[in-house]
Amino acid sequence: MRVLRFAVVALMALGCATACEERPKTQESETTQGTGAATGAIAASGETGPADANTILIGEVGSLTGPEATFGVSTRNGIDLAIQQENAAGGVKGKKLKVRVYDDQSKPEEAANAVTRLISQDRVAVILGEVASSNSLAMAPKAQAAQTPMITPSSTNEKVTQVGDYIFRVCFIDAFQGYAMAKFAHDTLKVKTAAILKDQKSDYSLGLTKVFNTKFTEFGGKIVTIEAYSKGDTDFRAQLTAIKSAKPEALYIPGYYTDIGVIARQARELGIKTILLGGDGWESPTLTELGGSALDGSYYTNHYSPEDPSPHVQQFIAEYRKVYGAVPDSLAALGYDAARVAVDAMRRAKDLTGPSIRDAIAQTKAFPGVAGTISIDENRNAVKPAVVLKVEDGKTKFVTTVSP
Amino acid sequence: MESVAAPRFSGVPGWLRGPLPILLSLPILALAQWATAQAPFLVYIASIVGVNVILAVSLNIVNGMTGQFSIGHAGFMAVGAYIAGKFSLETKDVYLPFMQSVAASDQLMFVFALLLGGAVAAVFGFLVGLPSLRLKGDYLAIVTLGFGEIIRVIVQNTEMFGRALGLSGIPQRSSIFMVMFWVFLTILAARRIASSAHGRSLLAIREDEIAAEAMGVNTTAYKVRAFVISAFFAGVAGGLFAHFVGIINPGSFTFVKSMEIVVMIVAGGLGSTTGSIVAAVFLTLLPEALRSIFTQLGGGDQTLAQRVDQIRMPIYGMLLVALMLLRPQGLFGTKEIWDVAPKWLSRRRKGMR
Amino acid sequence: MNLVPGEPLLHAKSVSIQFGGLRALTDFNLEIHKGDLKGLIGPNGAGKTTAFNVLTGVYRPTSGDVFVSGNRINGRKPHQINRLGVARTFQNIRLFKELTAIDNVKVACLSESYSVVRRETLDRLERGTSALWFTNALHALNNYVDWWRALLLTPGFLREEAEVTKKAEGLLETMGLLHRRDEEARNLPYGEQRRLEIARALATNPKVLLLDEPAAGMNTREKADLMVLIRELREKFSLGILVIEHDMKLVMGICEHITVLDHGETIAAGGPAEVRTNPKVIEAYLGESFAAAHAAAAGSGA
Amino acid sequence: MNDLIQHLINGLAAGTIYALVALGYTMVYGVLKLINFAHGDVMMVGVYMGYATAGHLGREHQSTFLGATLVFLLSMAGCGLLGFLIERLAYRPLRDKSRLTSLITAIGISFTLSYGFQLDIGFLPGASPRAFPEIIKPHEWIVIGDHDVIIWNWQVISFLIAILLMLGLQILVFRTRFGRAMRAVSFDHRIAALMGIPVDRVIAFTFMLGSALAAGAGILYAIKDTAVQPLMGLYVGLKAFVAAVIGGIGHVPGAVAGAILLGLTEEFVVGYAGDVLRGLGAVLHLDSLGVGFTGSSWRDAVAFGFLIIVLLVRPEGIFGRVTAEKV
C-alpha cells in the first residue's frame, strides 16, 4: 500500500511535468512583422518547436522583468532592430530570421532553464545573451554541450568565454575596462591617488575593482583604500567617511547606476570633492536623475558613445530612435552588434550547423560594429576600444577613446 | 503504525520491508531516466520541481511536524550547494579506478558530493537549532532568517566560494534518476520518521511543548535533531541544484527563496507531507503554466506572459494572507492526502499520521 | 505515615521559591513513598501547582532540595525528572490535541526504545556522574541510531513499535478508553480527556504520580469512579500518588495524608481527620464566613 | 578625530530612523504580541505617498515649510489608513488563532507590498529607484575645519522631528487615558475587554499610530538617503525589528536605545572593523581561505549577529522583563 502510494505520487509528479512539456511556453518577438505573413501567423499562434524550412531561429535569453529589466529590454530592442534590418536586406541564405526570446528574471537557474528550452525545444541556430555574467555562465555549458554557438552581447567577466569554443562575446572584458579607466585616470586626469568603492554583491564590480587596483598601482598611482557596499543599500556614509579620511584624488565606483546617484549625493554631502570614476554599469538615462548635480564632472568608461560621428553609428541611432523613440544606450548597441555578428557569420558559414557557424564567428575580423570595430581573438573575446564619457549638466559627453 | 498495518505485508519477510520501496523505485526511476533521455527541457523542469519538493518536505519536518518556525531554509540549501559544488569542482578529474567507467565513477563522486553537502548543512542545522533551545515562535523565526543572511554574507566574502559570481563550471552530473531518487528518499524518510517514536515526539512538541517535556521527551534535543535532518535534506537539494544548473551564486539563496518554500508548506498544510509535495509541484509549475496560457491568450502581445514571474511574488503574498484568513490549516491541514481523500482511496489509516 | 521503610521516592526538603519579590512557596516539605496516597490542598493561589512545578522541574527552587529516589534534581530538566520516575497531569488539560488517543499514550512510551545503550545503564550513569553532557551524548547516540532503525524499518524497530502499541492499548484499556483508540484527543469528552492524561502519565512507567485536580469539571458519579480508579492504580502499578484537589470530599475520601498550603506556606499536615478539624485550615481554606457551616457539615458527616 | 565625529553623526542619523521604525514595531508587538513583518513595507508605501505628494506640489511648493508639512501629514495620514485596513482585514480576524498564523499573514502582506510596488502596472511605481525630492532645501549648518565635518540643516531638523515624535509617543502611552488603555490591552486583551476597554478600537488605533510613525520615519529616511525604491522597507524593517528586540520588545525607550546602539554599531563596523579583521586574519591565517577583510562588506551580518547574541544571552532584551510561562 505504502509502496503503491509513493509510486503514484512519483508518477503524478512526472505526469505534471510531461503535461507541461506538451504545452510549452513561448515568447515570440515579432521581428518578422510586416515582412513575412506566414511566420507572423506562426508566432501569433504561440506555436513552438523548430522553425519551418524557410526561417532560421535565433534564440535570446535576457532579463525582461525584475530589477535588471532595463538591461534586458535595451538588449532585446537592439537585437530586434538588427534582425528587422537583416530581414529587410534579404535574410540569410534565402531564409528569414526570427528571434525567440525567453525571460530569465536575472536568475542563473532560469537562464539555464531558458537555454535548455531554446536548444532542445526550439533547436535554434545561435543563442544571444545574457547581460549579467553569472547568467551567461549558467547558459554557456549547455550551449557548449549542444554545440550551439552563443554570443553574449555584454557579459564582461572573462570566465564566460573560457567555458568552451562555442562561446563568444562582442564586448570587451572586465580586465580591459578596468585597465582603460586606470590608464585614463593616470595619464589624462593625472591622478596620483585613488580610492575604490565596490559593490560586493556584483561579480562585475569586483572584477573591475581587481583590475583597476593592479593597473593603477602598476602605472605608479596609489590605491589608498577599498570600501564595499551591497547593491540596494541606501546609506553609504560610513564607507564614504572612511574614504574621505584617506583623501584620495579620485574615487572609482564600479557599480550599477541604481546606486551611483545616491552614492554621489552622499559623497558631496560629506564634503568629498574628488573626481568620481565609473564603468559601463553607470550607463542609464536615470543616472543623472538620481545623482543630479552631484555627478557633474564624473567620468565613466563605456562601450560606445552616441556622439560617435561615424555614419553607420549615426544611422543606427536614427533608426533606433524611429522605432523605439529613444537614443540607444550601450546595451542596445551591443545587442545590435551581437545580432549582426551572428547574422554575418551565418552568411559566411558553409551551412547552418553549429560547428560551421562557430567557425565563421571565430573568423570575424574588423567587423564594423556600432560599438567599435570587432575582431574576435583566439580567446573568443572581442578586441575593441573603450570610450570615456564625462557627465556634465545631466548629460554625457564623449571625451576620448582608450585602445587596448 | 507499521505494526498495525503488518497483515497487509505478511508475505514480505521482515528484513525486506525497509528497503523494499527503494528497490521497487529503482526500475521505475530507470524507466523515467530512459524515457526522458531525449527531453532535456523536461528533465530540467522536473529537476527544479524535484528540488523544491525535497526542500518543502524537509522544511515541513521542522515547521510542520515540530511546530518550530524556520524561515532560513535557503541558507541550508546554500551550504549544501556550495559544499557539494566546490567538492565536485575540485575533484572534477578524479577517476575512481575501481569503478568500471568514467561515468560510473562520476556518479559515485556525485553521490559522495551530495552526502558531503548534506552533512555539512546538517552541521549548520545543528548550530541553527541550538537557539531553539531558548527561543520560541517568532523569535526563532527571525533568528533562522538571520542565520540564512549571515551564511549568504559569509559566502559573498569568501574567495574560495567565488564571492558574488559564485561557483561556475560545476560538472553537470545530475540526472532525473538521481533527483527523483532523492525526492523519493526524502519523502520516505519524512514519512517513516513521522510514524516512529521519534516522529511522535516531534508531533508532541508541536502540540504542547510543556506536556511533552513532562512526559519525558527531551524537547530541546528533539528540536535540534529536527533541524539537523531537515538541514541535511535541504543540503542535498542544494547539491542537486548545483549539479544541474552548473552555476551557483548567493543570489539564488536569498530570503525570497526561503519564503517560496514557506509558502509551499503553508499552502499544503503545515505538518502534511503529501500537502507539501502537492503544493511544491503545483507552485513550481504554476508560473510555467501561466506563462503558456498567457501566451496562448495574448497572441502577439507578450507582455502578460513576460510579467508572470514579476506578478508571481505579490500573488504569493496575497495567497499567504488569503490562506491564513480562509483556510489557515492549508490544503490538507496536518493530515495526509489519504486522510482527507474520499473513502474509496483509504479504507483504513485511522490513527496513522 | 511512613508505611514503607527506606528512601522516599519523592522528597522535598524545605523547598522555597520566589518570583521577583513574591514568595510563591515557603519551606515546603513532603515525602512520598511507594504506596502512599497523599493530598495537597489549599485555596486558589496557595501555591499548589507551583509546588507541582518545582517537584517536576518546571521551576527551579530558590532554596531547599528536591530528591527523586535519592537523586537531587534541582535544576534538572522536566524530562530527566520524568525518566527518574515522576509523572504528572495538568490542571488545564494539556493533551496533544491533534494526535489520537493511542498516539498520545505512545508518545509517553518513548523512553522504552533504547537501542545502543540500555536504559538501566544510562540511569546508573546519570546517577553516578555529574558529567551530564556524557549521558546526554549517549541519549543522542541512541536517538540518532533510532532514526536509522526507523528509516530502515529494522525488525527490532518493528518489534518495538508493536510492543509500544500493545502497551499503549493496555493502558487505554485500564483507563476504559480503548473504544476511543483512534479518536483525536481534542474530540474526547472532558472526563475522558482527564483519564487519557492519566493514561499518558502512566505510560512513562512512573514510580510517583502527581495528579493536578483530576476531578475538576467532573460530575459526582464520575468523581466516585475516579476515586476507585486512583486507588486501583496505586495497587496495580505500585505507585506513590500525590493529588491536588479542590473537592474536599474526594481528598478526604481517598488520601491518607494531606498537606495544606496557604500563601505558599504549609499551615497543616496530617491525616484527613486531623486536617479537617484544624481551625487554621478551616479559616484559611474556606474563609471565616464558611467556617461555621463547614464545621456543621463535618459534624453531620462524622 | 573629525572622522570619529563624522561616524558618530552618521550612526546617530541612521539610528534615529531605525528608532522611529522600531517604535512602530514595539507598539504593535506590545498590544498584539505580533511581529508586524509588514511594518517596513508600510513605511515604504508612506515614502511613495510622500513622493507622489511632493510631485503634485511641484518644485517651487514642495520645499516650502507648508509644502514639506503637507508631504509629512498626507503620507502619515495615508499610512495610518493603510495600517487600519491591514489590521481590520488581515490581523483582526486572526487575533484568536495561533501567533504563527498572524506571523505568516504579516509576511504575506510584506511580500504583497514590496513586490507589488515593483510592478509598473497602473499607479504602481516599478522596480527602479527614484530620486526623492528635496523637500527641505539643504544648506550647511555647521562646518568644522575645511569641510572636514559638515552638519546640514536637514540632519538637525530630522533629528528634532524624530525626538519630538518619540516624546509625543512616550507621553501618549504613559500620560493619557488612551495610553492606559493601550497598556491594559498589552497586558491581557481578553481581561481588558472585560474591564470595558474597547479593545478593537485600541488595537486599530495603535496600528494606525504605528503606521503613521513609520510613514514619518520613511520620509525622514528618504530625505536622508535621497532615493525611493520598493525594497527599501524590507531591510530597514528587519533592522528596526532587531533594534526593538535588542532594546526589549514592547519597551518604548528600549526600542530607541536599541536602535541607536545598532545604528552606531553598524557605522563603526564599517568605519573601523576592517583594521580589526585584518589583524585577526593575519593571526588566524584566514587569508589562505580568501576571506575578505573589508569592514563594510560585513555590515549586513552585523545586525543579525548582534540579534542572535542578544537573544541567546538575554532573550528578553536589554530593558525587557522576564515573563514566565504559566503551566
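**Chains B and D, then C and A**

In this predicted model, 33 residues of chain B are in contact with 37 residues of chain D. Contact here means that the C-beta atoms of two residues, placed from the backbone, lie within 7 Å. Three helices, α7 (137–156), α12 (255–268) and α14 (303–326) of chain B, each supply at least two residues of the side that touches chain D. α14(B) gives the most, with 11 residues. By type, the side of chain B that touches chain D divides into 23 nonpolar, 6 polar and 4 charged residues. Nonpolar covers Ala, Val, Leu, Ile, Met, Phe, Trp, Tyr, Cys and Pro; charged covers Asp, Glu, Lys and Arg; the others, Gly among them, are polar.

Some ground rules apply. The model is predicted, so local features need pLDDT of at least 70 and side-chain atom pairs count only at pLDDT 80 or more, while totals for chains, interfaces and linings use all residues. Residues are numbered from 1 along each chain as its sequence is written, and chains are lettered from A and ligands numbered from 1 in the order in which they are written.

Stay with chain B. Its fold holds 15 helices and 2 strands. Both are DSSP runs, numbered from the N terminus: helices are H or I with at least four residues, strands are E with at least two. Of the 353 residues of chain B, 64% count as buried. A residue is buried if 20 or more other C-beta atoms lie within 10 Å of its own, with C-beta atoms placed from the backbone. Take the contacts in chain B between residues at least 6 apart in sequence: 80% of them join residues at least 24 apart.

Now chain C. There are 12 helices and 10 strands in chain C. Of its 302 residues, 46% count as buried. Among contacts in chain C with a separation of 6 or more, 66% come from residues 24 or more positions apart.

An automatic or database domain assignment sets the domain bounds. In chain C, domain 1 is 1–85 + 206–219 + 239–271, and domain 2 is 96–205. Over C-alpha atoms, the centres of these two domains of chain C are separated by 25 Å. 8 residues of domain 1 of chain C are in contact with 10 residues of domain 2. The domain 1 side of that contact has 4 nonpolar, 3 polar and 1 charged residues.

Finish in chain A. An open sheet of 3 strands there has the order β11-β12-β13, with antiparallel pairing. Pairing requires that DSSP finds at least two bridges between two strands. β11 (367–369) and β13 (382–383) of chain A are the edge strands, each pairing on one side only. 3 bridges join β11(A) to β12 (residues 372–376) of chain A.

Terms used:
Buried ≥ 20, exposed ≤ 12 C-beta atoms within 10 Å, placed from the backbone.
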